[in-house]
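Q: Could you take me through this model feature by feature, giving the general idea before each case?

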Amino acid sequence: MDNLSVEHLTSIKDLTRQDIELIFKTADSFKEVINRPIKKVPSLRDITIANLFFENSTRTRLSFEMAEKRLSADVVNFSAASSSVKKGETLIDTVNNILSMKVDMVVMRHPNPGAAKFLSERVDAKVVNAGDGTHEHPTQGLLDAFTIREKFGTVEGKKVVIVGDILHSRVALSNIYCLQKLGAEVMVCGPTTLIPKYIHELGVKVEHNLRTALEWCDVANMLRIQLERQDIKYFPSLREYSMQFGLTKEILDSLPNKIMVMHPGPINRGVEITSDVADSSQSVILQQVENGVAVRMAVIYLLASKIERA
Ligand code: CP
């Protein structure tokens, strides 16, 4: 059987194009499964997975849990807010305690960049990064690229603009790596203060005018302003941000091409995107969420196939 070149999924940067294509091919089969009347396969009946969330999440957490249950894995959920982390326990001690209950795989969201990689080098379990601070959110990058492939048949040659708070966004970096590995052209657009200074070194175009960016692209991925990660003011007010970088129906309808609109969620309606755009026929926001389950099933299934079983 074909398999991934990596033992853990901590970063899209570590994946080859063949890895991503294998994940997509596997996700195609699982998408068919989750649309059947019986949405489950028995593949991982002997596997136990712990979902460790040290940061808030709605979509990613539910999507991983759903994916694991659709594969018939046993699932345990851990939330930092109600755990002994509050009493000073370290990450490694917390995880080793969970692993001693015979857990095979850990899905972890953590506020510190590099936390998933750190863990993967220290514990005897497969590790999947569900978002590590401002660094990467690999399964989001995969599901976004999978959604583009589903719509256009290929990612190769597509022009994708990522708009908004690129500086604090793990979704942006995972999207950049994933889309470029698949042959897309990537642009980032936002206020100068929210675009990392040396981002052009990743081979992306940089644009500060939203209309110019939208006239160039096939796909616009609209990101949320991550106020919770901003210690200083990067723009005068949300109102002014949204006047310059918010996607409205008026702008969308005036573009020469019918572009596809994406958003990883959670949406701040009326800031980066208006409600009529989020709910329009050009928006694929809910398809992204649906594809997230199939893509996460594929990642978990492929990593689990590398676990030595009795
Ligand atoms: N897209 C995403 O990561 O959403 P959550 O923070 O709700 O998981």
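Predicted model: local features only at pLDDT ≥ 70, side-chain atom pairs only at ≥ 80, totals over all residues.

Q: How are two packed helices described, and at what angle do α1 and α11 pack?
A: Two packed helices are described by the angle between their axes and by the distance between those axes. Helices here are DSSP runs of H or I with at least four residues, strands are runs of E with at least two, and both are numbered from the N terminus. Axes are lines fitted to C-alpha atoms, for helices over the stretch in contact, and angles run from 0 to 180 degrees between N-to-C directions. Helix α1 (residues 17-34) packs with helix α11 (residues 285-304) at an angle of about 120 degrees, and their axes are 8 Å apart. That makes α1 oblique to α11, given that angles under 35 degrees count as roughly parallel, over 145 as roughly antiparallel, 65 to 115 as roughly perpendicular and the rest as oblique. The crossing of α1 and α11 is right-handed; a crossing has this hand if the near helix is turned clockwise from the far one by less than a right angle, and is left-handed if anticlockwise.

Q: Which residues make the contact between α1 and α11?
A: With contact taken as heavy atoms within 4.5 Å, α1 contributes L22, I23, T26, A27, F30, K31 and I34, and α11 contributes E290, N291, V293, A294, V295, M297, A298, V299, Y301 and L302. By class, the contact of α1 with α11 has 13 nonpolar, two polar and two charged residues, where Ala, Val, Leu, Ile, Met, Phe, Trp, Tyr, Cys and Pro count as nonpolar, Asp, Glu, Lys and Arg as charged, and the others, Gly among them, as polar.

Q: How does α2 pack with α11?
A: Helix α2 (residues 59-70) and α11 pack at an angle of about 55 degrees, with their axes 8 Å apart, and are therefore oblique to each other. The crossing of α2 with α11 is right-handed. In α2, the residues R59, T60, S63, F64, M66, A67, E68 and R70 meet V289, G292, V293, R296, M297 and I300 of α11, and the residues of this contact divide into seven nonpolar, three polar and four charged.

Q: How many salt bridges does the structure hold?
A: A salt bridge is a side-chain nitrogen of Lys or Arg within 4 Å of a carboxyl oxygen of Asp or Glu, and the structure holds 16 of them. One of these joins R17 to E21, with the closest N and O atoms 2.9 Å apart; both residues lie in helix α1, four residues apart, or about one turn of the helix. K205 forms another with E185, at 3.7 Å between the closest N and O atoms, and this pair links distant parts of the chain, since K205 is in strand β7 (residues 205-207) and E185 in strand β6 (residues 185-189), 20 residues apart.

Q: Are R17 and E21 buried, exposed or in between?
A: Buried means under 20% relative accessible area, exposed over 50%, and partly exposed in between, with a 1.4 Å probe and protein chains only. R17 is partly exposed at 29%, and E21 is partly exposed at 36%.

Q: Where is A278, and which residues does it touch?
A: A278 lies in helix α10 (residues 275-278) and is buried, with a relative accessible area of 8%. Not counting residues up to four places away in sequence, A278 touches I267, R269, I273, S283 and I285.

Conventions. Residues numbered from 1 in each chain as written. Heavy atoms only, no water.
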